[in-house]
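Trainee: Could you take me slowly through one part of this model, the place where its helices pack against each other, and tell me how the residues there are arranged?

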Amino acid sequence: DGISMGMGDFLSEKAEIDFIRSEYEREQWEFDNYLKGEIEEMMEIYQRNHITKQDAEIILNTMSKYPKLFLDHMMQQELGLNTRQITVNPKRNGCITFSSFLLFGSIPLLSYLIFYGSA
């Protein structure tokens, strides 16, 4: 059970990271090749959140001077994706899940061996 949970956690996180990376690369290409369109997309999002067009324009034109900040913010606002997730190590998390299942799954077995194994 622990092996399947650990492997499942690893594969799930790896797939999520791969998806976020591909979306980030696509957004980065759009930022590099069609900045005006990206700013307009973000302005629509800001205006839906009750920020005036003039304020949104000031914010986004300033933010676009800092590509990483702009891209990270756009990924969160437009796609709901957290770019910090890219730095997560899926192997480590899979091993932690496996170890947790191994440790906590052995508690009932150990109690059985202690109380009934010595009889």
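This is a predicted model: local features need pLDDT of at least 70, side-chain atom pairs count only at pLDDT 80 or more; totals for chains, interfaces and linings use all residues.

Mentor: A residue is called buried when its relative accessible area is under 20%, and exposed when that value is over 50%. From the C-alpha atom of glutamate 13 to that of tyrosine 24, eleven residues apart along the chain, the separation is 16 Å.

Glutamate 27 also has its place in helix α1, and because its relative accessibility is 0%, this glutamate counts as buried. If the neighbours within four places in sequence are left aside, glutamate 27 is in contact with Glu38, Leu71, Met74, Met75, Glu78 and Leu79.

Helix α1, which covers residues 2-33, also carries phenylalanine 31. The count of aromatic pairs comes to one. That pair is formed by phenylalanine 31 and phenylalanine 70, with 5.3 Å from centre to centre and 40 degrees between the planes, an arrangement classed as tilted. Phenylalanine 70 lies in helix α4 (residues 67-79), 39 residues apart from phenylalanine 31, and the pair in this way links distant parts of the chain. Both phenylalanine 31 and phenylalanine 70 are buried.

Now to the packing of α4 with helix α2, which spans residues 35-48: the angle between these two helices is about 50 degrees, and their axes are 11 Å apart. Helices α2 and α4 are therefore oblique to each other, and the crossing in which α2 passes α4 is left-handed. On the α2 side, the contact is made by Glu38, Ile39, Glu41, Met42, Ile45 and Tyr46, while α4 contributes Phe70, His73, Met74, Gln77 and Glu78. Sorted by class, the residues in this contact are six nonpolar, two polar and three charged. Phe70, the aromatic partner of phenylalanine 31, is thus among the α4 residues that meet α2, and Glu38, Met74 and Glu78, which take part in the contact between α2 and α4, are also among the residues that glutamate 27 touches.

Histidine 50 counts as exposed because its relative accessibility is 76%, whereas glutamate 27, at 0%, counts as buried.

Notes:
Residues are numbered from 1 along each chain as its sequence is written. Side-chain values use heavy atoms; hydrogens and water are left out. Rings of Phe, Tyr and Trp (its six-membered ring) pair if their centres lie within 6.5 Å; planes under 30 degrees apart count as stacked, over 60 as edge-to-face and the rest as tilted. Helices (H or I, at least four residues) and strands (E, at least two) are DSSP runs, numbered from the N terminus. Buried means under 20% relative accessible area, exposed over 50%, partly exposed in between (1.4 Å probe, protein chains only). Axes are lines fitted to C-alpha atoms, for helices over the stretch in contact, and angles run from 0 to 180 degrees between N-to-C directions. Angles under 35 degrees count as roughly parallel, over 145 as roughly antiparallel, 65 to 115 as roughly perpendicular and the rest as oblique. A crossing is left-handed if the near helix is turned anticlockwise from the far one by less than a right angle, and right-handed if clockwise. Contact means heavy atoms within 4.5 Å. Ala, Val, Leu, Ile, Met, Phe, Trp, Tyr, Cys and Pro count as nonpolar, Asp, Glu, Lys and Arg as charged, and the others, Gly among them, as polar.
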